[in-house]
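Subject: Handing over the structure

Hi,

Here is the structure I promised to pass on to you. Have a look at it first, and then read on for what I found.

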Amino acid sequence: AETLTGLAPSTTYSYRVWSCAGGKCSSSSFQQFSTSSTSNSDLIVTDVVFQPSNPLLGDTVNVLVTTKNNGTAADAGTTTILYPPDGPPSYFSLAPLSPAGTVQRTTTYRCSSVGPAYFIARADFYDSETESNETNNDRSATLTCGGAAVPAPVISQASASASSTTA
C-alpha cells in the first residue's frame, strides 16, 4: 500500500498500475479515486448589540449576541458565552447551524456604574467543534453607561425673624 500526500480535497485522480517481470511490462486500465472533503464549520460572533445604546446609570440593557457559522459544513450544536464586566457570564446553547446560518440570543445587563463596560463574547466556548479557523471565535464590545440625570437642588432663602423678650 502506498500513502499519497499533498492531494487536494474533493478531487478525483486517475492512475494506472504497471508491472514488469522478465523484461515484459503490462499495465492495468485506468482507475480512479476521489479525496474526501475537508469541510469544517467556523463559528464566529458577528455582533454584540446593546439596546438602548446610550443607557443611564441604573438602566437595564438588552444585550443581543449573534453567532454565525462562517464555514463550509454544519456544526453539531455548540455554546456561545458572553462575559459581562461584572456578574456571571451568560451561556447560550445553540442548535446546529448550517453554513452561513446565524442565530441571535439575548440577555440583560444593568448599568451599575458610570463609564465604559467591556464585554467579550466567544463562539464554540467548549471547543467542541473542529473549525476551519480556531482563532476568530471572540468579539469584544463596549457599552458606555451615562450618569443619571439628577435634578438641580432647589435653594430657597427662608426668612428668619428674631424676637426678643425681656423679663
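To start with a question: is alanine 100 buried or exposed? Alanine 100 counts as exposed, because its relative accessibility is 55% and the cut-off for that class is over 50%. Please keep in mind that this is a predicted model.

Aspartate 127 is another case: its phi is positive at about 50°, although aspartate 127 is not a glycine either. You will find aspartate 127 in the loop between β10 and β11, and with a relative accessibility of 55% it counts as exposed.

Asparagine 69 belongs to strand β6 (residues 60-69). With a relative accessible area of 0%, asparagine 69 is classed as buried, because that class covers values under 20%.

Four strands form an open sheet in the order β8-β7-β10-β11, with antiparallel pairing. β8 and β11 are the edge strands; each has a single partner, so one side of each has no neighbour in the sheet. From one strand to the next, the twist averages 20°. Within this sheet, β7 (residues 78-83) pairs with β8 in the antiparallel sense over five bridges, and threonine 80 has phenylalanine 92 in β8 as its bridge partner.

How many salt bridges are there? The count comes to one. The side chains of arginine 122 and aspartate 138 meet in it, at 2.6 Å from N to O. The pair links distant parts of the chain, with arginine 122 in strand β10 (residues 115-122) and aspartate 138 in strand β11 (residues 138-145), 16 residues apart. Arginine 122 is partly exposed, at a relative accessible area of 32%, and aspartate 138 is partly exposed too, at 41%.

There is also a hairpin to look at. Strands β2 (residues 18-21) and β3 (residues 24-27) pair in the antiparallel sense over four bridges. Here cysteine 20 has cysteine 25 in β3 as its bridge partner. Two residues lie between the strands of this hairpin, and glycine 22 takes a positive phi near 60°.

One last item for your list is a peptide bond. The bond that joins glutamine 51 and proline 52 is cis, with omega about 0°. Proline 52 has its place in the loop between β5 (43-51) and β6.

Happy browsing, and do write back with any questions.

Best wishes

Definitions and conventions: Residues are numbered from 1 along each chain as its sequence is written. This is a predicted model: local features need pLDDT of at least 70, side-chain atom pairs count only at pLDDT 80 or more; totals for chains, interfaces and linings use all residues. Side-chain values use heavy atoms; hydrogens and water are left out. Buried means under 20% relative accessible area, exposed over 50%, partly exposed in between (1.4 Å probe, protein chains only). A salt bridge is a side-chain nitrogen of Lys or Arg within 4 Å of a carboxyl oxygen of Asp or Glu. Two strands pair if DSSP finds at least two bridges between them. Axes are lines fitted to C-alpha atoms, for helices over the stretch in contact, and angles run from 0 to 180 degrees between N-to-C directions.
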